[in-house]
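Welcome! Take a moment to turn the model around on your screen, and then read on for a short tour.

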Amino acid sequence: MTSDYVRRLRSHVGRDWLLLPSAVALVERNSGELLLVRQVDMMDWSLPGGAIEFGETPMQALVREVAEETGLDIVDVELATVVGGPRYRVVYANGDQVEYTSAIYRGRCRADQEPVADGVELVELCWCQPERLGEYQMIPYAHNLLVDLGLLVAKDEPA
């Protein structure tokens, strides 16, 4: 869902490139599986997270986005890395172009919780063993992130 802040920016620049801060979660459960999500407007898999809203800290954005999208309370959260640049550009179905600078966090969901897709931003969720990530078709942003974290081999590199 687009924030009022981004809507105001878009009213000035149209569909042209925006540089936006975001927070993304590598959500694990006790078995070590990672949570993958499928967004309404994209058929490939990604990770939960989203734009940091004006006046919000990256951690606040992370907690809000994960709760809104999946219903999960994320705990034991630690900053893993910060990424950005051309490898983190997304062109959305409506033509909006965004280059993200993203704070990437690792965290766990509580053992008594199961994620549920919100039906607004996400249509499907699944748990994936890290060694099976290569079996999922990822959006380029998520693929690049998982490669940069060493969790996935780049498509043009040998396994």
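In which segment is the place of Val153? Val153 sits in the segment after helix 3; helices (H or I, at least four residues) and strands (E, at least two) are DSSP runs, numbered from the N terminus. This is a predicted model, in which local features need pLDDT of at least 70, side-chain atom pairs count only at pLDDT 80 or more, and totals for chains, interfaces and linings use all residues. Residues are numbered from 1 along each chain as its sequence is written, and side-chain values use heavy atoms, with hydrogens and water left out.

**Around Val153**

- Val153 counts as partly exposed because its relative accessibility is 40%; buried means under 20% relative accessible area, exposed over 50%, and partly exposed in between (1.4 Å probe, protein chains only).
- Val153 and Ala111 are 42 residues apart along the chain, and their C-alpha atoms are separated by 30 Å.

**The overall fold**

- You can find 3 helices and 8 strands in the protein.
- Starting at the N terminus, the order of the elements is α-β-β-β-β-α-β-β-β-β-α.
- Along the principal axes, the C-alpha atoms fill a box of roughly 45 × 40 × 25 Å.
- Among contacts (heavy atoms within 4.5 Å) with a separation of 6 or more, 67% are accounted for by residues 24 or more positions apart.

**The inside**

- Buried residues make up 45% of the 159 residues.
- In soluble globular proteins, nonpolar side chains tend to be buried together.
- A nonpolar core is a set of buried Ala, Val, Leu, Ile, Met, Phe, Trp, Tyr and Cys residues joined through side-chain atoms within 4.5 Å.
- The largest nonpolar core has 28 residues, and Leu36, Leu133, Tyr141 and Leu145 touch the most other members.
- Elements giving two or more residues to this core are strand 1 (17-28), strand 2 (34-39), strand 7 (97-109), strand 8 (122-128) and helix 3 (140-148).
- Helix 3 provides the largest share of this core, 5 residues.
- Apart from this core lies another one of 17 residues, among them Ala25, Ile52, Leu62 and Leu125.
- Not counting residues up to four places away in sequence, the residues that Leu36 touches include Trp45, Leu47, Cys126, Leu133 and Met138.

- The protein exposes about 8500 Å², and carbon and sulfur atoms supply 52% of it; accessible areas come from the Shrake-Rupley method with a 1.4 Å probe, and for residues only the protein chains shown count as cover.
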